[in-house]
Amino acid sequence: MARTADKTDIPKRLAKAGYELFNQHGYNATGIQQITDAAGVPKGSFYNHFDSKEGFAAVIIGNYIEWMGEQWALCLADAPSDPLEALRHVFQKFTAYHEQSATPGCLIGNFAAEVAESSPACREVLKTGMNHWRDHLVTLLANAQQAGKVRTDMDASTLAVLFWDMWEGALLRMKVEKDSRALKEAVSAMLDHFLQP
(Lines give C-alpha, C1' and ligand atoms only; values in the text may rest on other atoms or scores of the structure.)
Protein backbone atom coordinates (compact mmCIF):
# COMPACT_ATOMS: atom_id res chain seq x y z
CA MET A 1 0.00 0.00 0.00
CA ALA A 2 1.31 3.39 -1.02
CA ARG A 3 2.74 5.70 1.64
CA THR A 4 2.75 9.46 1.38
CA ALA A 5 4.49 12.38 3.10
CA ASP A 6 1.21 14.32 3.19
CA LYS A 7 -0.20 13.79 6.71
CA THR A 8 -3.71 14.66 5.50
CA ASP A 9 -3.67 12.11 2.67
CA ILE A 10 -4.69 9.04 4.69
CA PRO A 11 -7.53 10.74 6.64
CA LYS A 12 -8.82 12.20 3.36
CA ARG A 13 -8.72 8.80 1.68
CA LEU A 14 -10.46 7.20 4.63
CA ALA A 15 -13.11 9.93 4.67
CA LYS A 16 -13.77 9.54 0.95
CA ALA A 17 -14.03 5.76 1.22
CA GLY A 18 -16.18 6.02 4.35
CA TYR A 19 -18.60 8.43 2.72
CA GLU A 20 -19.04 6.21 -0.33
CA LEU A 21 -19.48 3.03 1.68
CA PHE A 22 -21.82 4.56 4.27
CA ASN A 23 -23.88 6.06 1.45
CA GLN A 24 -24.11 2.75 -0.40
CA HIS A 25 -24.47 0.27 2.45
CA GLY A 26 -25.28 2.22 5.60
CA TYR A 27 -23.42 2.57 8.87
CA ASN A 28 -24.07 -0.86 10.40
CA ALA A 29 -23.28 -2.82 7.23
CA THR A 30 -19.93 -1.06 6.75
CA GLY A 31 -16.90 -2.28 8.67
CA ILE A 32 -13.58 -0.60 9.33
CA GLN A 33 -11.79 -3.25 7.27
CA GLN A 34 -13.99 -2.41 4.28
CA ILE A 35 -13.21 1.29 4.73
CA THR A 36 -9.45 0.79 4.95
CA ASP A 37 -9.47 -1.64 2.01
CA ALA A 38 -11.39 0.87 -0.12
CA ALA A 39 -9.01 3.65 0.97
CA GLY A 40 -5.98 1.47 0.22
CA VAL A 41 -4.45 1.84 3.68
CA PRO A 42 -3.60 -0.65 6.47
CA LYS A 43 -6.35 -1.19 9.05
CA GLY A 44 -4.09 0.16 11.81
CA SER A 45 -3.94 3.51 10.01
CA PHE A 46 -7.60 4.06 10.81
CA TYR A 47 -6.90 4.21 14.54
CA ASN A 48 -3.99 6.61 14.04
CA HIS A 49 -6.53 9.19 12.86
CA PHE A 50 -9.89 8.23 14.43
CA ASP A 51 -10.77 6.97 17.90
CA SER A 52 -13.70 4.83 16.79
CA LYS A 53 -16.08 4.05 13.96
CA GLU A 54 -18.66 6.26 15.68
CA GLY A 55 -16.24 9.20 15.83
CA PHE A 56 -15.30 8.59 12.21
CA ALA A 57 -18.99 8.61 11.21
CA ALA A 58 -19.46 11.95 13.00
CA VAL A 59 -16.58 13.36 10.90
CA ILE A 60 -18.18 12.03 7.69
CA ILE A 61 -21.49 13.64 8.64
CA GLY A 62 -19.70 16.92 9.39
CA ASN A 63 -17.95 16.80 6.00
CA TYR A 64 -21.30 16.17 4.29
CA ILE A 65 -22.88 19.11 6.11
CA GLU A 66 -20.03 21.36 4.99
CA TRP A 67 -20.42 20.16 1.40
CA MET A 68 -24.18 20.76 1.53
CA GLY A 69 -23.56 24.31 2.77
CA GLU A 70 -21.35 24.87 -0.26
CA GLN A 71 -24.09 23.50 -2.52
CA TRP A 72 -26.65 25.90 -1.00
CA ALA A 73 -24.29 28.80 -1.72
CA LEU A 74 -23.71 27.62 -5.30
CA CYS A 75 -27.44 27.20 -5.93
CA LEU A 76 -28.22 30.64 -4.54
CA ALA A 77 -25.43 32.28 -6.54
CA ASP A 78 -27.40 31.92 -9.79
CA ALA A 79 -30.91 31.86 -8.30
CA PRO A 80 -33.62 34.33 -9.34
CA SER A 81 -34.03 37.38 -7.11
CA ASP A 82 -37.64 36.48 -6.30
CA PRO A 83 -37.39 34.53 -2.99
CA LEU A 84 -40.06 31.96 -3.87
CA GLU A 85 -38.46 31.31 -7.26
CA ALA A 86 -35.08 31.11 -5.54
CA LEU A 87 -36.50 28.29 -3.40
CA ARG A 88 -37.82 26.54 -6.49
CA HIS A 89 -34.41 26.96 -8.17
CA VAL A 90 -32.52 25.47 -5.21
CA PHE A 91 -34.74 22.41 -4.97
CA GLN A 92 -34.74 21.88 -8.74
CA LYS A 93 -30.94 21.76 -8.52
CA PHE A 94 -31.10 19.33 -5.59
CA THR A 95 -33.58 17.16 -7.51
CA ALA A 96 -31.30 17.12 -10.56
CA TYR A 97 -28.39 16.06 -8.34
CA HIS A 98 -30.35 13.11 -6.96
CA GLU A 99 -31.49 12.11 -10.44
CA GLN A 100 -27.86 11.91 -11.61
CA SER A 101 -26.39 10.35 -8.46
CA ALA A 102 -25.37 6.69 -8.48
CA THR A 103 -26.55 6.47 -4.85
CA PRO A 104 -29.39 8.98 -4.50
CA GLY A 105 -30.64 9.93 -1.10
CA CYS A 106 -29.52 12.06 1.81
CA LEU A 107 -26.69 10.86 4.04
CA ILE A 108 -28.21 12.86 6.90
CA GLY A 109 -31.58 11.16 6.53
CA ASN A 110 -29.93 7.75 6.25
CA PHE A 111 -27.81 8.28 9.37
CA ALA A 112 -30.73 9.80 11.28
CA ALA A 113 -32.74 6.64 10.68
CA GLU A 114 -29.87 4.28 11.46
CA VAL A 115 -27.76 5.73 14.28
CA ALA A 116 -29.46 8.76 15.86
CA GLU A 117 -30.88 6.63 18.69
CA SER A 118 -27.67 4.74 19.44
CA SER A 119 -24.98 7.39 18.91
CA PRO A 120 -25.07 10.66 20.87
CA ALA A 121 -22.01 11.93 18.95
CA CYS A 122 -23.63 11.37 15.56
CA ARG A 123 -26.98 12.68 16.80
CA GLU A 124 -25.44 16.03 17.79
CA VAL A 125 -23.76 16.47 14.39
CA LEU A 126 -26.96 15.46 12.60
CA LYS A 127 -28.91 17.99 14.64
CA THR A 128 -26.43 20.74 13.77
CA GLY A 129 -26.69 19.92 10.07
CA MET A 130 -30.47 19.89 10.05
CA ASN A 131 -30.54 23.22 11.87
CA HIS A 132 -28.15 24.78 9.33
CA TRP A 133 -30.31 23.70 6.41
CA ARG A 134 -33.49 24.88 8.07
CA ASP A 135 -31.79 28.24 8.72
CA HIS A 136 -31.19 28.58 4.97
CA LEU A 137 -34.87 27.88 4.37
CA VAL A 138 -35.98 30.29 7.10
CA THR A 139 -34.12 33.15 5.41
CA LEU A 140 -35.67 32.46 2.00
CA LEU A 141 -39.14 31.90 3.43
CA ALA A 142 -39.01 35.06 5.57
CA ASN A 143 -38.00 37.06 2.49
CA ALA A 144 -40.84 35.47 0.53
CA GLN A 145 -43.28 36.35 3.32
CA GLN A 146 -42.13 39.99 3.27
CA ALA A 147 -42.64 40.02 -0.51
CA GLY A 148 -46.19 38.70 -0.07
CA LYS A 149 -45.39 35.43 -1.88
CA VAL A 150 -45.78 33.05 1.10
CA ARG A 151 -48.46 32.64 3.75
CA THR A 152 -47.89 34.58 6.96
CA ASP A 153 -50.26 32.75 9.31
CA MET A 154 -47.29 30.53 10.26
CA ASP A 155 -43.82 31.87 11.01
CA ALA A 156 -40.94 31.18 8.64
CA SER A 157 -39.16 28.82 11.06
CA THR A 158 -42.24 26.58 11.34
CA LEU A 159 -42.66 26.55 7.57
CA ALA A 160 -38.97 25.72 7.16
CA VAL A 161 -39.30 22.69 9.46
CA LEU A 162 -42.35 21.46 7.54
CA PHE A 163 -40.64 22.01 4.19
CA TRP A 164 -37.48 20.19 5.24
CA ASP A 165 -39.40 17.30 6.79
CA MET A 166 -41.43 16.91 3.60
CA TRP A 167 -38.24 16.95 1.50
CA GLU A 168 -36.55 14.30 3.66
CA GLY A 169 -39.67 12.13 3.50
CA ALA A 170 -39.73 12.50 -0.27
CA LEU A 171 -36.07 11.42 -0.42
CA LEU A 172 -36.97 8.21 1.42
CA ARG A 173 -39.90 7.61 -0.91
CA MET A 174 -37.64 8.19 -3.92
CA LYS A 175 -35.25 5.50 -2.67
CA VAL A 176 -38.10 3.00 -2.28
CA GLU A 177 -39.78 3.82 -5.60
CA LYS A 178 -36.53 4.46 -7.53
CA ASP A 179 -38.18 7.52 -9.02
CA SER A 180 -37.45 11.23 -8.52
CA ARG A 181 -41.13 12.04 -9.01
CA ALA A 182 -41.48 12.03 -5.20
CA LEU A 183 -39.09 15.00 -4.96
CA LYS A 184 -40.85 16.98 -7.68
CA GLU A 185 -44.24 16.33 -6.13
CA ALA A 186 -43.06 17.42 -2.69
CA VAL A 187 -41.56 20.68 -3.97
CA SER A 188 -44.66 21.43 -6.05
CA ALA A 189 -46.97 20.67 -3.11
CA MET A 190 -45.03 23.09 -0.90
CA LEU A 191 -44.38 25.93 -3.35
CA ASP A 192 -47.54 25.80 -5.45
CA HIS A 193 -50.05 24.96 -2.75
CA PHE A 194 -49.12 24.79 0.92
CA LEU A 195 -46.95 27.94 1.05
CA GLN A 196 -49.24 30.09 -1.04
CA PRO A 197 -50.69 33.16 0.76
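1. Overall fold. The secondary structure of the protein chain comes to 9 helices and 0 strands, where helices (H or I, at least four residues) and strands (E, at least two) are DSSP runs numbered from the N terminus. Read along the sequence, the pattern is accordingly α-α-α-α-α-α-α-α-α. The C-alpha trace spans about 60 × 35 × 30 Å along its principal axes, and of the 197 residues of the protein chain, 43% count as buried; buried here stands for under 20% relative accessible area, exposed for over 50%, and partly exposed for what lies in between, with a 1.4 Å probe and protein chains only.

2. Basis of the note. This is a predicted model, in which local features need pLDDT of at least 70 and side-chain atom pairs count only at pLDDT 80 or more, while totals for chains, interfaces and linings use all residues. Residues are numbered from 1 along each chain as its sequence is written, and side-chain values use heavy atoms, with hydrogens and water left out.

3. The largest pocket. About 220 Å³ of space lies in the largest pocket, and its lining consists of Ala-15, Lys-16, Tyr-19, Ile-60, Asn-63, Tyr-64, Glu-66, Trp-67 and Glu-70. By class the lining has 5 nonpolar, 1 polar and 3 charged residues; Ala, Val, Leu, Ile, Met, Phe, Trp, Tyr, Cys and Pro count as nonpolar, Asp, Glu, Lys and Arg as charged, and the others, Gly among them, as polar.

4. How pockets and cavities are defined. On a 1 Å grid over the protein atoms alone, a cavity is a set of points where a 1.4 Å probe fits but cannot get out, whereas a pocket is an open set with protein on both sides within 12 Å along at least five of seven lines, and lining residues have an atom within 4 Å of a point. Grid points are joined across faces, edges and corners, and a volume is the space filled by probe spheres set on the points.

5. The cavity. A search of the whole structure finds 1 cavity of 30 Å³ or more, and about 30 Å³ of space lies in the largest cavity. Its lining is made up of Gly-105, Cys-106, Gly-109, Asn-110, Glu-168, Leu-171, Leu-172 and Lys-175. The elements that give two or more residues to this lining are helix 6 (107-115) and helix 8 (156-177), and the largest share, 4 residues, comes from helix 8. By class, the lining of the largest cavity has 3 nonpolar, 3 polar and 2 charged residues.

6. Aromatic pairs. The whole structure contains 20 aromatic pairs, a pair being two rings of Phe, Tyr or Trp (its six-membered ring) whose centres lie within 6.5 Å, with planes under 30 degrees apart counted as stacked, over 60 as edge-to-face and the rest as tilted. The rings of Tyr-19 and Tyr-64 have their centres 6.1 Å apart and their planes at 20°, so this pair is stacked. Because Tyr-19 lies in helix 1 and Tyr-64 in helix 4, the pair ties together parts that are 45 residues apart in sequence. Tyr-19 is partly exposed, with a relative accessible area of 25%, whereas Tyr-64, at 5% relative accessibility, counts as buried.

7. Charges over rings. The charged end of Lys-53 sits over the ring of Tyr-27, 4.2 Å from its centre, and the charged end of Arg-151 sits over the ring of Phe-194, 4.6 Å from its centre; the criterion is that NZ of Lys or CZ of Arg is within 6 Å of the ring centre and within 35 degrees of the ring normal.

8. Cysteines. The structure holds 0 disulfides, a disulfide being a pair of cysteine sulfur atoms within 2.5 Å. The sulfur of Cys-75 is 14 Å from the closest cysteine sulfur, in Cys-106, and is therefore too far for a bond; Cys-75 counts as buried at 6% relative accessibility. Cys-122 is likewise in no disulfide, with the nearest cysteine sulfur, that of Cys-106, 14 Å away. Cys-122 is found in helix 7 and is buried, with a relative accessible area of 1%, and its C-alpha atom is separated by 7.1 Å from that of Glu-54, 68 residues apart along the chain.
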